[in-house]
Amino acid sequence: MSAQAKPSHNPHTNYVFHRAILSSLVLLLSCSCTAANSDRQPPMISKIAKDPVTSLYTISIKADQSPLVVDLAGSLVWSTCPPSAAAHSTVQCDSATCAMAKEQSPPRCRCVGGGRFWENRQPGSTECACTVHPINPVTGECSTGDLTSLAMSANTTNGTMELRPEESFAVLGACAPSRLLTSLPVGATGVAGLSRGPLSLPSQLAAQRCFGNKFALCLPDFATFGDTPVYLSVPDPRIYMDYTTAIPYTPLVTNPANTGGHYIPVKGISVSWHAADAAAALPRGALDINVHTGRGGVVLSTATPYTIMRPDVFRAFAIAFDDAIMRGKIPMTPMRREQATEPFELCYYGAFPMLKRSGFDMPYIKLELGNGATRNWTLFNSNYMVQVEGAMCVGILPMGPRGMPVAGEPAVVIGGKQLEDNLLVFDLEKQRLGFSMLLPYQLSSCRSSNFFRN
């Protein structure tokens, strides 16, 4: 849909208009793009914000600017379709697109009523309409709703640090009842799924715009879609560098039971501080994916504020962290383990001097990567430490009684705290992930981009 194309107020014209959009979207999903495709369109960029109450991230990409929650594990885009809104079109229940959408349904979820969602279908859409199951990534609840077209808009970019005007477009998404918004930020109207699945927002944009199946997140500030440079400042604030060409990359791992999840090949975890090094004594194969059940592995998530570890993994990590911090502390200075403040398990009180570069002098947590990764992923000070009443607490938690926040029972879920101020480039064509690690430690930041500067 072009920026100028708008539906009329005539009900019949609206019906034809929306059916045409829906037909175009279904056709686009069945097509493929090549690097030489003449239909290649400019990459897109959208603003991201962090909700201070829930610590979730929202993206302003809907045409009405109502925010959607960013969900790296989400396979669908969904939004509320209130009865007061214009009638929505539907996809045929016997179409290949509907079959594709149903393959993305969550294996298990607590279902809440979808209300009388069928009453707001456009005339002629009531028979054989495709229904899907949008899921709330925080509560794990799901519902039933129609697969329809959702109006979107975003700025484009020409590969420089300047924004081009917004362009309007549409994606296939699900209608959902307002009760599915429980525990999401106030004002959010749904979820933008960013998984590797065919109906996620990045996959649909790549199919529509032929700009490469790639997207980037720089939380909590912006997201880009398409093959585009991302310029951030270097120590000299007058100089900018395309970080996508300078950061290390690791292969993405496919989980046969959760093919849309962004898994990385972590083989071990260690902690270092000054001259003290401690490797987590993990059980054999603790981080591996079970190829039969899909359990295990290390997956990224924006729907949980902190990294969550399975109990056996957390115990080994906690022992290693405690060992490194006690042996690596500055001689003759106090350091003691404090009683933890919920939800944290590891809290310390002691002498943590300030670094010249960025933040406090804290242990480094190293995620040791395999499968040909060009570098290990290191977590620095503010990527995991949280100040609580004078103590320093580790923002890495053991799995709670409700289980893991991501389907498939992974061994580790890397949460939002560990992903912030870290340029993440999801290259889904080459099945790899680029990661800058903590940008302030390199005297840069996601905010150093010129995008969306006031």
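A residue is taken as buried under 20% relative accessible area, as exposed over 50%, and as partly exposed in between. By this criterion, in the predicted model examined here, Cys81 is partly exposed, because its relative accessible area is 22%, whereas Cys175, with a value of 3%, is buried. These two residues are joined by a disulfide with an S to S distance of 2.1 Å, one of five disulfides in the structure. The link of Cys81 and Cys175 is left-handed, with -85° about the S-S bond. Since Cys81 lies in the loop between β4 and α2 and Cys175 in strand β9, the pair ties together parts that are 94 residues apart in sequence.

A further disulfide connects Cys98 and Cys130, with 2.2 Å from S to S, and is right-handed, given a torsion of about 90° about the S-S bond. Cys98 belongs to helix α2 and Cys130 to the loop between β5 and β6, 32 residues apart; relative accessibility is 1% for Cys98 and 0% for Cys130, so that Cys98 and Cys130 both count as buried. Cys218 and Cys446 are likewise joined by a disulfide, which is left-handed and links strand β11 to the segment after β31 across 228 residues; both cysteines are buried. Cys111, by contrast, is in no disulfide, the nearest cysteine sulfur, that of Cys142, being 4.5 Å away, and is exposed at 56% relative accessible area.

Among the strands, β19, β18, β24 and β25 form, in that order, an open sheet with antiparallel pairing. β19 and β25 stand at the edges with a single partner strand each, and therefore one side of each is left without a neighbour in the sheet. Strand β18 pairs with β19 over four bridges, and Ser270 has Ala279 in β19 as its bridge partner.

Technical notes
Residues are numbered from 1 along each chain as its sequence is written. This is a predicted model: local features need pLDDT of at least 70, side-chain atom pairs count only at pLDDT 80 or more; totals for chains, interfaces and linings use all residues. Side-chain values use heavy atoms; hydrogens and water are left out. Two strands pair if DSSP finds at least two bridges between them. Helices (H or I, at least four residues) and strands (E, at least two) are DSSP runs, numbered from the N terminus. A disulfide is a pair of cysteine sulfur atoms within 2.5 Å. Buried means under 20% relative accessible area, exposed over 50%, partly exposed in between (1.4 Å probe, protein chains only).
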